[in-house]
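Subject: Structure for you to look at

Hello,

Here is the structure I promised. Please open it before you read my notes.

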2 protein chains.
Amino acid sequence: MSLDAKLKASIVQQFEHIVGPRAVLHRYEDLLAYECDGYTVHKGVPSLVVFPKSTQEVSEVVRILHHHRIPYLPRGAGTGLSGGATALNGEVIISLARMNKLVSVDYPNRRAVVQPGFINLKLSNSISSKGYYYAPDPSSQAACTIGGNVGENAGGAHCLKYGVTTNHVLGLELVLPDGEIVQIGGVPDAPGYDLLGFLTGSEGTMGIITEITVRILKKPEGILTVLALYDEVEDASLAVSDIIAEGIVPAALEMMDRTAIEGVESGNYPVGYPRDLGAVLIVEVDGVIAGLQEQIDRVIEVCRKHRVREVRQANSPEERARWWANRKTAFGAMGTISPDYLVQDGVIPRSRLPEVLSRIGEVSRKYDLRIANVFHAGDGNLHPLILYNSRNDGETQRAVQAGSEVLKVCADVGGSITGEHGVGVEKMEDMRFIFTEEEMQAQIRIRDVFNPDQLCNPGKIFPKPARCVELKQPKVLGEHQASVNTMVH
Amino acid sequence: MSLDAKLKASIVQQFEHIVGPRAVLHRYEDLLAYECDGYTVHKGVPSLVVFPKSTQEVSEVVRILHHHRIPYLPRGAGTGLSGGATALNGEVIISLARMNKLVSVDYPNRRAVVQPGFINLKLSNSISSKGYYYAPDPSSQAACTIGGNVGENAGGAHCLKYGVTTNHVLGLELVLPDGEIVQIGGVPDAPGYDLLGFLTGSEGTMGIITEITVRILKKPEGILTVLALYDEVEDASLAVSDIIAEGIVPAALEMMDRTAIEGVESGNYPVGYPRDLGAVLIVEVDGVIAGLQEQIDRVIEVCRKHRVREVRQANSPEERARWWANRKTAFGAMGTISPDYLVQDGVIPRSRLPEVLSRIGEVSRKYDLRIANVFHAGDGNLHPLILYNSRNDGETQRAVQAGSEVLKVCADVGGSITGEHGVGVEKMEDMRFIFTEEEMQAQIRIRDVFNPDQLCNPGKIFPKPARCVELKQPKVLGEHQASVNTMVH
């Protein structure tokens with residue numbers, strides 16, 4: 001889709017009136033910077049990018065787009081990994097980059113209110129001196145926005161103990177696709193239906209989130225971290241199972257395999273891992289100091305049971321920080337050992353880990369592409385990184401196919417095709433591994449209660465129907481089945 | 001509503017064909033036992049009660065009711081406290097009492113599958129020998145069903161640390177109001193929209209839940225419990241705030257005030273609390289044994305800072321069990337000091353506790369009714385028990401009004417009108433403290449995607465519109481806005 005030139009000029013003028021002349025991009029060379037997010041396989045240049053700085057401005061911009069039936073989508077920092085913020089068909093991008101304020105903090109009741117463009121890590125940094133932090137910690141936390149985190153229901157290394165974004169969102173302000181501003185949640189245990197959870201992770205398809213109330217946590221009194229080095233990834237997997245079986249709930253339980261280690265050791269934050277290792281585990285426990293050392297001693301003991309080559313505890317916060325910097329930049333570090341890489345995001349029942357790893361190995365051999373594995377092992381969330389070279393003929397397509405096949409493996413063992421990156425553009429076809437055509441149509445019907453004209457982030461999450469499915473005849477609807485004009489607070 | 005005699009006879013016959021002749025109640029004297037649940041202010045005798053024993057039977061029963069447009073509702077153990085399972089207008093009751101099986105347990109992946117009529121406590125008892133338990137523990141856990149818990153999103157004393165029912169539900173099987181059987185969730189981190197959270201706590205208004213997959217947890221290695229006795233409830237409140245501020249996350253943090261203590265000491269499980277106490281706190285920590293004693297020592301220290309009369313640690317599991325039996329039967333024990341009582345269920349921001357307690361005192365004086373307070377203090381969930389005598393003219397109505405006014409106090413400080421008991425029949429009018437008419441209409445529209453004919457548990461949660469509200473004109477709907485015939489698994 002591209003906007004008619006005259007209409008576009010008129011829209012630009014109207015937008016400039018709302019947000020100011022410097023907050024609308026309309027020249028092709030400026031728009032090109034917005035042709036994709038962190039998922040680079042599919043691209044699309046937006047018709048316009050507009051930068052509102054308040055809820056009111058978002059609402060006014062959306063009203064104009066709604067009036068002209070022009071599709072649009074929200075964008076945070078553009079760090080998403082499934083193409084959710086990509087203007088595949090020239091949609092208008094509403095960037096939340098200027099809505100980047102920490103609105104308020106209520107320490108006694110442990111809540112903070114942020115604008116959607118507020119950067120994840122900044123929240124913890126802002127409240128750190130008072131002894132608080134924000135738990136969800138995606139690897140991109142230094143860049144990604146909390147609005148984007150809500151859109152994708154982002155996870156992170158510490159979600160094993162603390163839960164993903166949806167467990168920390170207490171309230172949302174949303175601009176509906178017709179421009180109306182509504183409040184969702186915001187009171188503890190709001191009665192009625194749980195719309196808050198329903199909106200979290202809806203990938204920008206229900207409206208534009210303009211303010212977020214999140215839970216903040218008291219920083220744990222102590223954090224102890226252990227590194228365990230294994231010759232064989234199977235032994236590391238067994239150690240993971242055993243740690244969980246012990247009844248210990250680690251704050252984090254991360255794993256990297258041989259190829260991933262090769263990547264991180266070639267990156268900007270090498271730890272000095274031997275290159276012949278089969279796997280590395282990072283296990284962290286946190287909480288009150290009393291008893292914490294005994295907990296980590298038990299972790300060490302379990303690690304030793306499974307033919308560990310070496311296991312050691314971090315001697316200082318600096319050593320711990322080095323291990324995490326190495327782990328958190330794992331995706332980017334793959335760039336040092338491969339021209340291109342594709343990050344996958346599957347979830348499996350923890351008990352199936354060894355089997356799934358072996359099947360991922362088969363996929364790697366079948367497509368003749370190396371696959372590095374980085375895992376949030378404790379909660380069964382895998383990030384296979386498929387290494388490829390886009391300059392080699394057909395190799396991108398092969399990588400995409402290999403990625404899809406890996407997700408099929410996850411679905412086949414009763415898992416899911418996304419843990420924290422969302423479906424976006426990337427995994428639309430893979431939705432078929434989990435849902436039937438009819439089941440997806442049912443989800444679409446519910447989306448359309450919020451987004452009846454499919455103006456807000458259209459064409460995402462659900463694949464186009466593959467065949468003529470025999471859907472039941474829709475029932476005659478009374479007027480109460482109309483789209484949602486007002487929402488609950 | 002009462003069914004036409006001929007139609008009723010035909011329905012009974014059809015039901016008997018599906019579920020067997022001994023599984024349909026149709027005589028008035030049998031039906032009378034089902035005239036209310038644990039909320040006894042409003043009653044209604046059902047037209048029929050039917051007891052299916054499989055999903056297929058529920059589906060067949062529902063198809064017949066749907067065909068004849070006969071309203072119905074699901075019922076578990078009937079322990080609900082807001083009238084959600086009451087056939088106010090003679091609805092047919094579908095009792096899930098015979099669907100009381102533990103279907104399967106998957107220990108490595110920590111999941112159990114239960115039928116909806118399976119009793120909460122039986123799950124923990126069934127898996128206890130393997131070292132596991134089910135966390136949500138409503139006071140009624142020896143009687144209430146997990147299906148009912150899902151319907152109301154039930155909490156419990158240990159939800160401070162472990163979260164309420166919605167945090168433990170991994171999958172649902174649902175019979176939609178047209179009889180179709182659908183699966184929701186069931187895979188970890190299912191992609192698409194979070195329908196699972198949306199259905200949990202929907203109070204039986206979206207369909208009949210016929211199977212539930214829940215998370216089971218490894219039993220904590222150790223549990224330590226402390227009792228702190230205070231002369232003044234204000235001091236106990238300050239201790240609660242300070243314990244949380246210390247960064248300790250107790251497994252439970254319960255409070256009872258003077259009148260509640262009088263009740264429990266007159267009940268079947270007296271602990272021997274002095275009758276002149278102002279408040280009792282029960283604080284429990286659990287987890288790995290290492291460090292646990294140090295944690296509880298800190299709790300004791302904090303309790304002592306606030307003019308505690310006495311603080312002591314449970315010396316044995318038996319002593320702890322006595323304290324909990326006393327606390328968990330607090331509601332019932334009120335019957336020993338008052339002919340009738342009404343349980344309320346408000347939520348407030350923790351920091352407003354002293355102010356809210358003082359305002360509840362004002363309500364008590366205004367209506368000249370004693371109010372006992374039992375709290376899940378750690379998460380700000382209050383259970384004011386309004387004591388009254390239904391034989392005194394107008395006193396029931398005064399108790400209802402006092403209860404509503406207490407909820408208004410909770411709403412006014414930014415809290416909610418229900419933490420875990422649901423809205424049901426009881427708090428429909430109180431929904432106005434939280435939502436505008438338009439906001440409630442919006443929620444109703446979403447319900448009607450699932451339940452378009454309002455056959456399943458009609459007339460609950462939302463009050464009848466009080467006045468002619470100016471609702472927006474509904475939009476013309478495409479066929480994709482039809483009701484949901486299939487759901488996601």
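Below are some notes on domains and cysteines.

This is a predicted model, where local features need pLDDT of at least 70, side-chain atom pairs count only at pLDDT 80 or more, and totals for chains, interfaces and linings use all residues. Residues are numbered from 1 along each chain as its sequence is written, chains are lettered from A and ligands numbered from 1 in the order written, and side-chain values use heavy atoms, without hydrogens and water.

**Domains.** Chain A has domain 1 (5-95), domain 2 (220-328) and domain 3 (338-427). These bounds come from an automatic or database domain assignment.

In chain A, 13 residues of domain 2 are in contact with 14 residues of domain 3 (heavy atoms within 4.5 Å). About 1,200 Å² is buried between these two domains of chain A. Buried area is the accessible area (1.4 Å probe) that two parts lose on being put together, summed over both.

The rule finds one salt bridge across this interface of domain 2 and domain 3 of chain A. A salt bridge is a side-chain nitrogen of Lys or Arg within 4 Å of a carboxyl oxygen of Asp or Glu.

**Cysteines.** There are zero disulfides over all chains (a disulfide is a pair of cysteine sulfur atoms within 2.5 Å). Cys144(A) is in no disulfide; its nearest cysteine sulfur, in Cys159(A), is 11 Å away. Cys144(B) is in no disulfide either, and the sulfur of Cys159(B) is the nearest, at 11 Å.

Best wishes
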